[in-house]
Amino acid sequence: MPFFSIQRPIVDEIGSLTRFTLRFFREAFRPRYEFSELIHQCFVIGYKSLSLVGLTAFIMGLVLTMQLRPSMVRYGVEAQIPAMVGIAIVREIGPVITALIFAGKIGSSIGAELGSMRVTEQIDAMEVSGTNPFKFLVVTRTLAATLMLPVLVVLSDAISLYGSYLGVNIYEVLSFRLFYTQVIDNLAYYDAVPAFIKSYFFGFAVGIVGCFKGYYSNKGTEGVGRSANSAVVMASVFIFILDLLAVQVTDLLWEL
Amino acid sequence: MDTTEPVIVIKDLCKAFGSNVVLDHFNLNLYRGENLVVLGKSGSGKSVLIKCIIGLLRPDSGEIFVFGQNVPELSYAELDQMRARVGFLFQSNALYDSMTVRENLEFPLRRHWLHVEQKEVENLVAEVLESVGLAHTIDMMPAELSGGMRKRIALARTLILKPAIILYDEPTTGLDPITGMEIIDLIRDIQQQYKTSSLVISHDMKLVKRAAGRIVMLIDGKCHAQGAYSELKNSGDPKVRAFFD
């Protein structure tokens with residue numbers, strides 16, 4: 001079978017997603033603005049993800065420290081654990097793991113919610129009652145995901161570092177102040193800012209993919225399940241691709 | 001009220017999905033104040049027809065004039081204005097299940113280009129709930145309502161913008177015979193109370209007999225026959241008689 005016939009569904013999907021994203025930008029800047037729905041979605045997407053993100057971040061910091069310790073001890077550099085964990089969490093692990101957890105929780109929930117609204121004709125009902133469903137459902141959820149993920153990443157980084165502090169204290173006594181001084185002293189502008197900026201892109205990817213999959217859901221309840229599932233898979237893949245691009249761009253800008 | 005003035009005129013409407021031709025040069029007129037039922041088998045294209053009228057589907061060819069405006073040619077803003085005058089009752093009711101009954105009813109008023117004051121919103125919600133006899137459900141969620149109640153609330157939501165035309169998509173499907181009858185009577189009452197023109201699509205012969213002023217039979221994508229219930233019941237055409245036997 002020719003290569004392009006096999007790849008056609010993928011190319012179609014990317015084309016549709018690109019059109020959907022362009023429509024998002026067109027609708028987002030055009031009035032009317034759905035501020036109250038945006039605030040509501042920020043609460044649903046941000047606040048309600050906090051406990052899951054917090055728990056996973058804490059465990060991540062703790063386990064990372066415990067796993068790293070034997071190697072560091074072998075080389076006699078265990079004093080560098082706070083610095084090393086701090087850089088790893090702030091630069092890479094915090095944003096990526098939080099974004100993946102976020103994709104699992106929010107991407108699937110947006111996909112399923114919009115998918116079920118599509119198959120039960122609620123989106124059509126909005127349209128016939130004079131509401132722009134794209135603006136009300138897609139723009140608000142995507143913006144909320146874009147704005148909330150960086151906030152969750154900052155909180156997740158802080159909680160992870162606290163987990164790491166406890167991990168260090170399982171084996172030795174280290175004061176909280178000293179731990180954080182070591183972490184902060186070894187963090188540069190170059191470590192924190194690009195990681196924070198890329199989390200906006202991760203949030204946007206999760207929001208837009210979840211909305212895209214849900215908005216064009218079909219084939220009844222089976223389609224809703226498929227939308228939720230493929231929203232998570234596609235958003236997770238995009239997070240890794242964006243991460244790869246972010247590293248390249250950051251390195252390029254740093255060299256300039 | 002001028003009952004000879006058409007509010008919807010459909011000319012040579014064609015719509016196909018791939019090789020499946022659903023509407024094939026379909027013609028129809030809906031007159032002011034009329035209760036018109038489009039009768040056809042399941043899958044005959046009835047839902048496609050009213051989705052084309054409201055602008056949810058784009059026809060392949062043909063013209064759909066609603067209050068003199070050709071729907072396929074309208075811009076989004078013009079379509080929005082037209083939709084304020086045309087209500088649509090979905091077969092599945094399409095109530096927003098994350099909102100209470102009150103929020104469902106307020107939704108079209110708060111988001112539409114029409115600007116309605118808060119006091120007026122409250123009055124309209126109370127009025128339409130009273131019309132469908134469900135004033136006590138105002139703070140309930142759709143999941144707490146029975147099938148018939150959901151249908152009534154969906155009808156109330158359709159009525160809240162005071163449309164001049166209401167399109168009903170299979171309004172009695174999925175309801176028990178008694179509740180179905182109540183909905184049919186409600187459709188008639190609403191038509192008299194609000195002086196609306198109604199276009200009902202159905203294959204429910206009880207509804208057709210009780211509510212239809214005129215019947216249009218949609219067979220093979222075309223307007224196969226039309227007339228009053230008694231005329232069509234005595235028709236010699238086997239395709240028409242099949243519905244009445």
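**Surface, pocket, cavity and salt bridges**

Helix α8 of chain A is the main contributor to a nonpolar patch, giving four residues to it. The structure is a predicted model, in which local features need pLDDT of at least 70 and side-chain atom pairs count only at pLDDT 80 or more, while totals for chains, interfaces and linings use all residues. Residues are numbered from 1 along each chain as its sequence is written, chains are lettered from A and ligands numbered from 1 in the order in which they are written, and side-chain values use heavy atoms, with hydrogens and water left out.

The patch lies on the surface and consists of A:Leu147, A:Val154, A:Phe196, A:Ile197, A:Tyr200 and A:Phe201, which together have about 520 Å² of accessible area. Two elements of chain A, α6 and α8 (189–215), each give two or more residues to the nonpolar patch. Patch residues have over 30% relative accessible area and no salt bridge, with nonpolar side chains (Val, Leu, Ile, Met, Phe, Trp, Tyr) joined within 5 Å and like charges within 9 Å; areas follow the Shrake-Rupley method with a 1.4 Å probe, only the protein chains shown counting as cover for residues. One member, A:Ile197, sits in helix α8 of chain A and counts as partly exposed because its relative accessibility is 42% (buried is under 20%, exposed over 50%, partly exposed in between, with a 1.4 Å probe and protein chains only).

Chain A as a whole has nine helices and zero strands (DSSP runs numbered from the N terminus: H or I of at least four residues for helices, E of at least two for strands). The C-alpha trace of chain A spans about 65 × 50 × 40 Å along its principal axes. Of the 256 residues in chain A, 46% are buried. A:Leu166, in helix α6 of chain A, is partly exposed, with a relative accessible area of 29%. Ten residues separate A:Leu166 from A:Phe176 along the chain, and their C-alpha atoms lie 9.1 Å apart.

The largest pocket holds about 600 Å³ of space. Its lining counts 28 residues, and those closest to the pocket centre are A:Glu37, A:His40, A:Gln41, B:Ser98 and B:Met99. Both chains take part: α2 (35–45), α4 (81–119), α5 (122–128) and α6 (133–171) of chain A, together with α3 (101–111) of chain B, each give two or more residues to this lining. With seven residues, α4 of chain A gives the most. By type, the pocket lining divides into eleven nonpolar, seven polar and ten charged residues (Ala, Val, Leu, Ile, Met, Phe, Trp, Tyr, Cys and Pro are nonpolar, Asp, Glu, Lys and Arg charged, and the others, Gly among them, polar).

The whole structure contains one cavity of 30 Å³ or more. The largest cavity has a volume of about 140 Å³. Among the 14 residues that line it, A:Val128, A:Ser129, B:Phe88, B:Arg157 and B:Thr158 are closest to the cavity centre. The elements that give two or more residues to the cavity lining are α5 of chain A, along with β6 (86–89) and α5 (147–159) of chain B. Here β6 of chain B gives the most, with three residues. Nine nonpolar, three polar and two charged residues make up this lining. On a 1 Å grid over the protein atoms alone, a 1.4 Å probe fits in a cavity but cannot get out, a pocket is an open set with protein on both sides within 12 Å along at least five of seven lines, and lining residues have an atom within 4 Å of a point. Points are joined across faces, edges and corners, and a volume is the space filled by probe spheres set on them.

Over all chains, a search finds 22 salt bridges (a side-chain nitrogen of Lys or Arg within 4 Å of a carboxyl oxygen of Asp or Glu). In one of them, the side chains of A:Arg69 and A:Glu172 meet at 2.8 Å, N to O. A:Arg69 belongs to helix α3 (residues 50–74) of chain A and A:Glu172 to the loop between α6 and α7 (176–185), so the pair ties together parts 103 residues apart in sequence. A:Arg69 is buried, at 17% relative accessibility, whereas A:Glu172 is partly exposed, at 30%.

In chain B, B:Lys46 forms a salt bridge with B:Glu170, with 3.3 Å between the closest N and O atoms. Because B:Lys46 lies in helix α1 (residues 46–54) and B:Glu170 in the loop between β7 (165–169) and α6 (177–194), this pair ties together parts 124 residues apart in sequence. B:Lys46 is buried, at 3% relative accessibility, and B:Glu170 is buried too, at 6%.
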